[in-house]
Every structure is written in C-alpha cells, then in structure tokens.
Amino acid sequence: MSKRHQTFVCQNCGAATGRWQGKCEACGEWNTMVEESPDAGVGARPLGGRAPRKGRAFALEPMTGEAHEAPRLPSGLAELDRVTGGGFVRGSVLLLGGDPGIGKSTLLIQAAAALANGGHRAVYISGEEAVAQVRMRAERLGLGGAKVELAAETAVEDIVATLSEGKTPRLVVIDSIQTMWTDLVDSAPGTVTQVRGSAQALIRFAKRSGAAIILVGHVTKDGQIAGPRVVEHMVDAVLSFEGEGSHQFRILRAVKNRFGPTDEIGVFEMTGLGLREVANPSELFLSERDLGSPGTAVFAGIEGTRPLLVEIQALVAPTSLGTPRRAVVGWDQNRLAMVLAVLEAHCGVKLGGHDVYLNVAGGLRIVEPAADLAAAAALVSSLANAPLPPDAVYFGEISLSGAVRPVAQAAARLKEAQKLGFGRAVVPDGSREGDGGLAVNAVENLVSLVSEIAARADKGSRRPRLVEREDG
Ligand code: TYD
Ligand code: MG
C-alpha cells in the first residue's frame, strides 16, 4: 500500500513542499502554506485514477505565414480601449485587479453592455452576486435594455460547456476568478491551486474559441492580486483599477500587456449612474485647486501618450519627534528622500527638524522622475510659507548634483498647460521648444529655483526662514 503523500502549497507564490512550514522558503512569506491534494497541479489527471489519455498529433505551422494583426474589438469605452491598446484581442485573457468596492463589476457590466449594444455576444458570469443583483445594478446604470447574457455560476467545466454551445461569445466576464472551481483540482475554491487550475481551463477555452475573457481578481491589502501571482503570468494582460475610496476618480492602469502599451492610463469618475469616462483628466485633477496657498505646485506630467496636469501638495512643519516624519501619498518615498537630500546639500535648505508630507491630489500615483522639480517647488514653498504663482506649471528631473535635467515630451507638457490657461512654466534648460504664448522660465539648477521662491517670501514680508546662511 503506498502511503498518501501530503503536499503543502504556498498561497503567495505557489511553491510546493512535502511538509508544513511556518515560512515559505521560496518567497519568505509566513503562514502561507496550506495543505492541498497531491499532483493537483495544472493539467493533473482527473480524480478517480483514469488513465492518462494518449497524445494526439497536431499540425505544426510555418512561421512564414501571413502575419495578421491581432483582430481587436473596441469595447465602446474609449478610456478602457486606451489602456488595453485598442480593444479586446480575440482569444486573449485579461485580468482586472482592484480593491473591493472600487468598481470592477461596474466597469465590466458597462463594457459588456456597450459590446452587446454594438451587436456582439457578451456573457457576464458572476460567482459573487445573484443574477437578480447584477440585473438590478444594470438597471440602475440605465443598461437594463442591453442584451448581455447573465449567469451566476462557479463551476468552470459547466461554464466552458455552456459557452461552447452556439455562437462563440466575443466577450466573457468572469467575476471573480477566486470564486471559480474546477473538477480537476481537489482543493477548496480560492486556494492557489484552484485559482490556477480554473484560470488555466478558462485560458484554454479562450485560445480555442477566440472569445476574449476578462477575469476579475481580488487584491490583498498589500496590493497584490490575491492568491496566485501565477495567474498574472498566465494571462495576456493585467489591468489594475485604482482610486482612493474618498475620491470619485478611478484610474485604470495596465500592469502587463502583451498586445499594447503599459504606460497608458484610463480615467473614470464614479457617479450615481456608474462610471463616467473622463476625456480630459487635467481639468478634473485641477478642479479643486486651492489657489494662493503655500505648498502647492502644478506638475505637468505625461501618462502614456497623454499629458496630465496634477497638483502636488507639500506640508513642511517643525517636528515634535526625535526623528522627523516623511510621509508620501502618490509618489515614491525614495525620490522624496532624494529631493530632500539635494535641497539640504546644495541649496542650504535645512529640513532635519521638520516633518515633511507630500501628496498628489486626486488619488493619482506619479512614477515619472519629471515630477522632482514640482515636488521641490511645493516643499520649498511650504517651508518658506510663500505661495507659488497660481498660473505656473513645473516639470524637470533633479540630479544628485542639484542640476535640473531635461525630460521627454516637453512640448506636449507645455501645450497642455497653455490649453488649460496657465501663463508660465518652470522647466529645465533646453526645453524651450513649443512655448508659444507661455512664458518659459528655464532653470539650470535647484539653487536658482530655491532663491527665486525665497525672494518671493521676502517680498511678501513673511518670516524669511528659508535658507540658513552659514556666513552670518
Ligand atoms: P463594484 O463595481 O461593485 O465594485 P467591485 O466589483 O470592484 O467590488 O462597485 C461598488 C461601489 O461603487 C459601491 O461602493 C457603490 C459604487 N457605485 C456608485 O457609486 N455608483 C454606481 O452607479 C454603482 C453601480 C456603484
Ligand atoms: Mg464586484
């Protein structure tokens, strides 16, 4: 009699071991090992010990065939299409991740309805809500008349069998992959093996039939798509739907995309009637500006191919703690530390006794180094208690030497600023092109920006507590 082997699978990375461990040796996470059935991996033998089937020969194809463009189907939501790279690719599988309640189901029911209204077959399968609930939501969104086919199902084999009948759907939404389960795997729904097995079966169906499938994935508190990161590797594209709970803005971002760019964002606004596309996000992100208060600077950024103006807010205040606090929302903590170090080392701005808070307005997350100059301007403005000119935008990368370095697409940034009524731009030296109508103030290094802001502070007869002179 052979002894039944136990397998413990890490719910974070999918590594398997023969015995339970408190810490996964592969990824270092604690308390993630869960017992799952042996050989329950993808493509495992069906339970019940049926003999493995014999292989079937298939035709190999030459690489020199006609290389046809991936046929895409635009969803009808321009912001969604921008992020996917122009629509859903036939036979592709897309994973949409995001916090609970962020609006994933809303977005997808809207996309499915738009496709159905365009005369395509769209199927929405919910593993979390009853059909009546999905229908009620659609009605509330004014989409009650759309011919989306609904089901509340969680058994992957049943779903695949149903979808294989009749005309192949162009879009299938699976909400969510964590609720699905397949017969091939013996683990509980939601475990890494189940999720992986279910995703595999659905991906196989997509490739075979040509239907585009969107899998909804939950996100854990540290921002990863819950359970298996492995699913991210299996699918063609991973989109993440982000936003602050208290803001109505929602940002759709491509984390991975086999058929398009990964730097485009789609911007939506959550309204009482569902998600509204925001075609000009700059206007939205600047709509609640607090003009004339110190510590805010407008950054002229680029998200993908689109310029985007956004307000950067800083608060610099004397600290009551031994170690001053540095807190950042929407920007990189390390870049803040770098900008602060450059301000201290090259500009004589002493921040060792101050708490520093930096926030990107509207819940946006900026990754561009071009935001350095705007962040520095906001920080210095807050410290000096001197408001920056309300009609100025800032962009430029700061190097460790304190020099302000040119950034890409300066002309597009300036054009957007001009379009939105800004009168001047503080930019790196050498990005003067395309400045029609906009007063361009080229700064070579951070020192000149700091002294400019300091001069404003002095003029406003406020306490000149900005630069502590060594020579005094
Ligand atoms: P939902 O799509 O269910 O989120 P997810 O699927 O990502 O968990 O969105 C739920 C939230 O969206 C809920 O908090 C209410 C809000 N909402 C609106 O504000 N307006 C609407 O028209 C709808 C449908 C939802
Ligand atoms: Mg949902």
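Two strands count as paired if DSSP finds at least two bridges between them. In this predicted model, strand 1 (residues 7-10) and strand 3 run antiparallel and are joined by four bridges. One of the residues involved is F8, whose bridge partner in strand 3 is E35.

In general, the strands of a sheet pair through backbone hydrogen bonds, in either a parallel or an antiparallel manner.

## The chain as a whole

The protein chain contains eleven helices and 23 strands. Of its 472 residues, 50% are buried. Its accessible surface comes to about 22400 Å², and carbon and sulfur atoms account for 52% of that area.

Contacts between residues at least 6 apart in sequence were also sorted by separation: 66% of them join residues at least 24 apart.

## Helix 5

Helix 5 covers residues 192-209. At 1.5 Å a residue, its 18 residues should span 26 Å, and the end C-alpha atoms are 26 Å apart, which agrees with that expectation.

Buried here means under 20% relative accessible area. The helix is followed by G210, which has a positive phi, near 90 degrees.

## Helix 10

In helix 10 (residues 410-419), the buried residues are A410, R413, L414, E416 and A417. Viewed down the helix axis, these buried residues fall within an arc of 160 degrees, so they line one face of helix 10. K415 and K419, on the other side of the helix, are exposed.

The buried residues of helix 10 pack against one helix and several strands. The helix is helix 7 (281-285). The strands are strand 15 (296-303), strand 16 (306-318), strand 19 (392-394), strand 22 (424-428) and strand 23 (439-443). After helix 10 comes G421, with a positive phi near 90 degrees.

How values were computed:
Residues numbered from 1 in each chain as written. Chains lettered and ligands numbered in written order. Predicted model: local features only at pLDDT ≥ 70, side-chain atom pairs only at ≥ 80, totals over all residues. Heavy atoms only, no water. Buried < 20%, exposed > 50% of the residue type's maximum accessible area, 1.4 Å probe, protein only. Helix = DSSP H or I, 4+ residues; strand = E, 2+ residues; numbered from the N terminus. Arc of directions from axis to C-beta. Contact = heavy atoms within 4.5 Å. Areas by Shrake-Rupley, 256 points an atom, 1.4 Å probe, with all protein chains shown as cover. Expected span 1.5 Å × (residues − 1).
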